[in-house]
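Trainee: I have a model open and I'd like to learn how to read it. Could you walk me through it, feature by feature?

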Amino acid sequence: MGINISRNTELQNNEFLQKFVGRDHIPADKSDFWNSFLQYHIGLPDSSQEQLSLDSRLETLCQSFISHNLQSGNFGSLVTVFLHKVAELLELSDQESSIHVWQTFNALFIIRCLIKYMIETGSEYQLLQHFEAIPVNPSGRADESSVEIDVLEPKPIVVAVDGSKFEAFFDAIVNLIIIIPVKEFTYHLHLEAVNLVIVLFSLHLFSQQPTDKSLIFKTIYKNNHANALMGSLLHFVSRMVEVPQNMFGISSGSSFVFGIAESLLSIFTFRKSHQDFLSSADLPATFKQHYPLANQSLLLILILTNHCTMKNNAYRTSLFGCSDSQDSPKDGATFKIDFSTLYSTLCRIVTIDQATLLLYLLLHRNQRFYKYVMAQQNLQQLVIPILQTLYNAPDSTSHHIYMSLIVLLILSEDDGFNKSVHQIILKNIHWYTERSISEISLGGLLILVVIRTIQYNMLKMRDKYLHTNCLAALANMSGQFRSLHPYVAQRLVSLFETLAKKHARLDQQLKQPVNGTPIVELTDSSMILSDDMLQDLSVVEEVLRMVLEILNSCLSNQLVYCPNLVYTLLYKRQVFETFRSHPAFQDIIQNIDMVVGFFSSRLQRVQDQRGELGVNEVLEVISKGASQWSSDRLRKFPDLKFKYVEEDAPEEFFIPYVWALVTKYGCVHFSSECMKTVTTEVSC
């Protein structure tokens with residue numbers, strides 16, 4: 001510190017830090033000290049290991065700070081200096097403010113480190129005490145008259161902790177984020193401001209106090225600039241500005257030199273092209289490294305909108321009420337943002353867990369954004385990455401898989417979407433390796449991936465709700481199935497066949513005695529096993545019924561456009577044999593039997609005339625027969641329409657989920673030793 005770079009190993013011996021954490025008061029107007037104190041550069045921790053290293057070297061200094069600050073009030077002085085610098089920044093031109101931005105950033109970084117330490121080791125009340133502390137010795141030097149007679153530490157002046165200084169501090173942070181434009185030399189200042197707010201929210205991780213009792217939470221949620229703050233954060237995500245190569249736009253050849261090697265001024269010296277970024281194998285890490293402001297802003301949006309959902313959450317209302325900047329200025333929106341840029345950005349990063357969650361919030365709660373997405377002609381740019389997430393399920397968390405499916409379910413609620421996905425033709429989907437397919441519709445690919453997810457869930461996760469959401473999305477789409485690829489038709493019927501085999505196996509196990517003992521004489525443990533099998537059988541029957549309803553819906557509404565499905569049903573007709581007399585299935589099986597019987601008889605007549613038919617000839621007969629088929633012959637069933645409804649108390653699911661993402665993917669690393677358990681899984 002003091003014009004030179006501060007290496008972590010030198011922190012203990014730094015004279016400015018020693019004075020700051022010491023017992024003597026340093027007035028906020030002592031500009032010589034503060035200007036020297038804040039002229040330093042320190043590499044920001046970029047990993048949990050680097051954060052741990054910095055924290056360990058700061059430990060002694062932080063303990064000294066805690067011991068002395070209630071007497072010295074130096075933290076309050078630093079906060080006052082920061083407030084003055086933010087106020088001045090709003091008045092300065094770009095040319096004037098480079099050094100000012102640098103010093104403001106440095107002040108904020110120190111404040112963030114101290115707040116983080118106090119949150120991890122103390123209580124919220126103690127943190128606010130340090131904000132409000134009044135110096136015992138405001139002159140900045142020891143009281144010489146009392147040195148000889150009083151060897152005890154002076155007692156701190158007790159002040160009412162009303163949070164007023166913290167409120168002024170938070171207002172300054174908000175003003176910094178929403179008023180100062182993001183430029184190359186302000187980028188890290190904005191990043192540090194966003195990080196600071198995330199650190200404040202980390203009270204949730206370390207305090208046993210309910211958030212509705214927290215003065216800090218109350219201050220954040222009563223802020224009058226919720227719309228402007230949410231708008232700025234969403235703009236940071238949408239614009240996805242890449243981190244500058246040099247902090248504050250300063251290089252070693254600039255007009256003021258710190259005597260630091262260029263390599264030390266650059267946090268991220270390795271640059272990837274946008275194409276490299278898009279094809280990166282580890283997208284979350286690349287996103288965090290190259291676009292940290294967008295990454296942190298995205299995480300902060302999730303924190304702001306998912307806490308305090310049961311009360312009037314202005315940030316949540318703001319996100320759900322924003323509109324396209326191209327819309328009418330009188331549409332009652334909370335703020336405006338370019339939906340085109342936002343949509344494009346989400347398409348690029350939707351395979352990242354936190355981006356999927358933001359997309360879910362916007363689609364589920366913001367009707368303007370939902371309608372905008374439904375009107376897009378390039379839906380494949382959004383849907384294909386979501387399908388890739390599901391396809392690579394073993395590499396994702398169960399929560400990410402679940403949210404990806406929920407997004408598909410919400411999209412499938414729109415008939416226009418269900419129709420358009422079958423009109424978008426894709427070529428050479430290289431990541432789908434089950435079978436080489438040179439050409440397929442987006443709808444066909446969606447069906448294949450969802451079926452694969454069902455089968456993966458049956459094998460690995462065994463989550464009934466995941467089954468339900470998969471089948472609900474397929475059911476919503478089924479009335480618009482068109483031009484199904486032969487392989488898609490095969491997979492649909494094979495899904496039923498696989499489930500039918502599992503049903504037969506469970507049914508057989510239940511009918512057989514256990515170890516030769518009749519069921520009536522089973523022990524308690526065997527009865528528990530039997531109950532589990534009965535429950536499994538019930539779930540399988542529910543899924544079988546839904547698959548039959550999906551097939552029936554397609555045949556009732558789109559038979560003429562799905563000859564490959566009819567072909568597969570004819571070829572696999574025997575898989576339905578055992579269910580014709582089953583009370584849970586016989587009503588809907590009758591419809592499938594009627595379709596199979598109609599086309600079987602036509603094929604038989606043609607075969608009698610021509611002999612054996614090839615595949616193309618069979619499809620030709622089916623196509624001609626479909627033109628003469630009347631769906632009025634089939635028994636009517638209600639249209640399959642499923643709508644996603646968020647369960648009660650969403651905080652119980654979303655808050656642990658969001659904080660798992662913050663601790664895993666965020667740029668700020670927290671001490672896990674003092675942390676309350678983050679109760680959501682972070683790996684599958």
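**Reading the model**

Mentor: Let's start with helix 22 (residues 398-412): 15 of its 15 residues are buried, so this helix is largely enclosed by the rest of the structure. Buried means under 20% relative accessible area, exposed over 50%, and partly exposed in between, with a 1.4 Å probe and protein chains only. Helices (H or I, at least four residues) and strands (E, at least two) are DSSP runs numbered from the N terminus.

Trainee: What span should helix 22 have, and what do its end C-alpha atoms give?

Mentor: The expected span is 1.5 Å times one less than the number of residues. For the 15 residues of helix 22 that comes to 21 Å, and the end C-alpha atoms are 21 Å apart, so the two agree.

Trainee: What should I keep in mind about where these values come from?

Mentor: This is a predicted model, so local features need pLDDT of at least 70 and side-chain atom pairs count only at pLDDT 80 or more, while totals for chains, interfaces and linings use all residues. Residues are numbered from 1 along each chain as its sequence is written, and side-chain values use heavy atoms, with hydrogens and water left out.

Trainee: How many helices and strands are there in the protein?

Mentor: You'll find 31 helices and four strands. Of the 684 residues, 54% are buried. The protein exposes about 30600 Å², with carbon and sulfur atoms supplying 50% of that; the areas come from the Shrake-Rupley method with a 1.4 Å probe, and for residues only the protein chains shown count as cover.

Trainee: What share of the contacts joins residues at least 24 apart in sequence?

Mentor: Contact means heavy atoms within 4.5 Å. Taking contacts between residues at least 6 apart in sequence, 75% join residues at least 24 apart.

Trainee: Which residues have the most contacts inside the largest nonpolar core?

Mentor: A nonpolar core is a set of buried Ala, Val, Leu, Ile, Met, Phe, Trp, Tyr and Cys residues joined through side-chain atoms within 4.5 Å. The largest one here has 229 residues, and Ile-115 and Phe-169 have the most contacts inside it. Helix 5 (residues 94-121) gives the largest share of this core, 14 residues. Leaving out residues up to four places away in sequence, Phe-169 touches Val-79, Phe-82, Leu-83, Leu-108, Ile-111, Ile-115, Phe-131 and Leu-196.

Trainee: Now pockets. Which residues lie nearest the centre of the second largest pocket?

Mentor: Rolling a probe the size of a water molecule over the atoms shows where empty space is left. On a 1 Å grid over the protein atoms alone, a pocket is an open set of points where a 1.4 Å probe fits, with protein on both sides within 12 Å along at least five of seven lines; lining residues have an atom within 4 Å of a point. The second largest pocket is lined by 23 residues, with Leu-52, Asp-55, Phe-670, Ser-671 and Ser-672 nearest its centre. Helix 3 (48-72) and helix 5 each supply at least two lining residues, and helix 3 gives the largest share, nine residues. The pocket's volume is about 580 Å³, where grid points are joined across faces, edges and corners and the volume is the space filled by probe spheres set on the points.

Trainee: How about single residues? Is Cys-554 buried or exposed?

Mentor: Cys-554 sits in helix 27 (residues 524-558) and is buried, at 0% relative accessibility. Beyond four places in sequence, Cys-554 touches Ser-478, Phe-481, Leu-559, Cys-562 and Leu-565. From Cys-554 to Gly-479 the C-alpha distance is 5.1 Å, though they are 75 residues apart in sequence.

Trainee: Where is Phe-654 placed?

Mentor: Phe-654 belongs to helix 31 (residues 651-665) and counts as buried at 5% relative accessibility. Its contacts, leaving aside neighbours within four places in sequence, are Asn-306, Leu-357, Tyr-360, Met-403 and Glu-646.

Trainee: And backbone angles: what is phi of Met-240?

Mentor: Phi of Met-240 is near 50 degrees, a positive value in a residue other than glycine. Met-240 lies in the loop between helix 12 (226-239) and helix 13 (262-265), buried at a relative accessible area of 6%. Asn-428 also has a positive phi, about 50 degrees, and is not a glycine. Asn-428 is in the loop between strand 3 (425-427) and strand 4 (439-441), and is partly exposed at 45%.
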